[in-house]
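Open the model in your viewer and colour it by chain. The tour below goes from one selection to the next.

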Amino acid sequence: MNEFIEQKVKLKWHPPKKSYDVVIVGGGGHGLATAYFLATRHGITNVAVLERKYIGGGNSGRNTTVIRANYGIPEAVRFYQRSVDLYAQLEQETDRWIMHKQKGLLWLAHSEAGVRQERARAEVNTAFGSETVYVTQKEIKEICPQIDLSGGGEWPVLGGSYHPAGATARHDRVVWALAEGAMVRGAHIHQRTAVTGLMMDGDRVTGVETSAGPISAGAVVCAVGGHVTSLASMAGLRLPIRTHPLQAFVTNHYALDFDPIVASMGLLFYISQTARGEMLMGAEIDRQPSYSYRSGHHFIQSCAHRAMTLLPFLRDLRILRQWTGVCDMSPDYSPIMSKTGVENFYITTGWGTWGFKAIPAGGQQMAELVATGETPELIAPFTLDRFAKDRTLADRGSAGTH
Amino acid sequence: MSIRITCPNCGTRPIEEYIYGEIPSVPDTITDADARNVDRAFMHNNPEGPTIERWFHLYGCRRWLTLHRDTRNDKVLLE
């Protein structure tokens, strides 16, 4: 974080104390949102967020900033709609401009099965408090005139679903707004402070070993992205997580307005326009489990090819930047926000390719879980023990990238 | 450059031709039979560092091979 930003955002750094009520491991969106909601909703400010590198530098800075709630199962629709609502009021609440922009989200179907799926999505969303409507070819063309409905002759667009609440926000600003909100109320954030171990007393977590010395804690929240399996294993936990890289890229400026966020369920890619006018694209995760941030040519080649099939204007643009994040994939493509069976140790993980959109709701719910010790109703289905209890929340078709 | 995997039958080919296969391993510390089944079905070692894994050459000879790879940097260590 450079000096300019430190002047603009009221961040105050402190040396780490010996002890905190709550220690949150991971200074990304979810960790900072948990600190923010602990401070604003529960008055718990003796809190430290520990970040190995710098805040917002992991997956919070490597995503494609889409906010939506058009999921395929009731539990997820309710949870992500909460997040959509919290995002919409976050600027007013924090008095910081996060560049939140409601754009509408178009999901395209290229087959009869796809059409059925999008009709079902619209029904499920409507029934559980989110707005999604089925749209015809004509309506799709009105929402996004740049689309080639014939899909290059190979991938015709037969219909789709439209989710008006679809939005984007600037990822750094979300992170800073939450960090500042937590900090001005007394929470500490320690950057370049890696957690190297957990202090245990029998079956109870009592603190963390860090590169800045031991810190004892009343509760430890694991909000790590990417290295969660290692951290959980320090508490003797096994996780249903496999970490895969996910790549994305932007082009140079497209002079015209490209209003909606568009995703294709058949071609498996999604695209939106950034505030700077760049076209931002992403697709599926890499096939190998890995922690590497390396980007590859094969990905931009195949993703660009698929995107140009539907949006021929992209041919005239050039790719500017490419980057990679690492996604913690759960077997059922739903997140895990839960107690762990280890006392005072809470975990929020499995954020796969859907973490950014869940930042405010995830933080709000984790804060309530930690503050009260009771699992809030909204996230009760997302517990870690759902796999052993055969209550998985299969929602692969809503990840947008699989 | 994507990762390249050397297949004993087909030579060195890009990773996009292969399908990943994890070698499941349930820790000995889990003794309960049900818990072992849950672990085998859902849990992953998800290692950070050198690992041994299986890959299926789907768009080639359609045989399995064993690969040693470092998950921190995707370097192929031993084929």
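Select Arg242(A) and Glu22(B): the two form a salt bridge, with the closest N and O atoms 2.9 Å apart. A salt bridge here is a side-chain nitrogen of Lys or Arg within 4 Å of a carboxyl oxygen of Asp or Glu. The count between chain B and chain A is two salt bridges.

This is a predicted model, in which local features need pLDDT of at least 70 and side-chain atom pairs count only at pLDDT 80 or more, while totals for chains, interfaces and linings use all residues. Residues are numbered from 1 along each chain as its sequence is written, chains are lettered from A and ligands numbered from 1 in the order in which they are written, and side-chain values use heavy atoms, with hydrogens and water left out.

Next, show both sides of the contact (heavy atoms within 4.5 Å): 25 residues come from chain B and 24 residues from chain A. Between them the chains bury about 2200 Å², 51% of it on carbon and sulfur atoms; this is the accessible area (1.4 Å probe) lost on being put together, summed over both parts.

Now select helix α1 (residues 33-42) of chain B, which gives three residues, the largest share of the side of chain B that touches chain A. That side divides into 11 nonpolar, seven polar and seven charged residues.

Stay on chain B and select its open sheet, four strands in the order β3-β4-β5-β6 with antiparallel pairing. Strands are DSSP runs of E, at least two residues, and helices are runs of H or I, at least four, numbered from the N terminus; two strands pair if DSSP finds at least two bridges between them. At the edges are β3 (19-21) and β6 (75-78), each pairing on one side only. Zoom in on β5 (residues 64-70) and β6(B), joined by three bridges; Arg69(B) stands opposite Val76(B).

Move to chain A. Which strands form its open sheet? Eight do, in the order β6-β7-β5-β14-β15-β16-β13-β17, with mixed pairing. The edge strands β6 (133-135) and β17 (319-329) of chain A have a single partner each, so one side of each is left without a neighbour in the sheet. Select β6(A) with β7 (residues 159-163) of chain A: three bridges join these antiparallel strands, and Tyr134(A) has Ser161(A) as its bridge partner.

Last, select helix α8 (residues 297-310) of chain A, which lies across β5, β13, β14, β15, β16 and β17 of chain A.

Methods:
Axes fitted to C-alpha atoms, helices over the stretch in contact; angles between N-to-C directions. Buried area = accessible area lost by both parts, 1.4 Å probe. Nonpolar A, V, L, I, M, F, W, Y, C, P; charged D, E, K, R; others polar.
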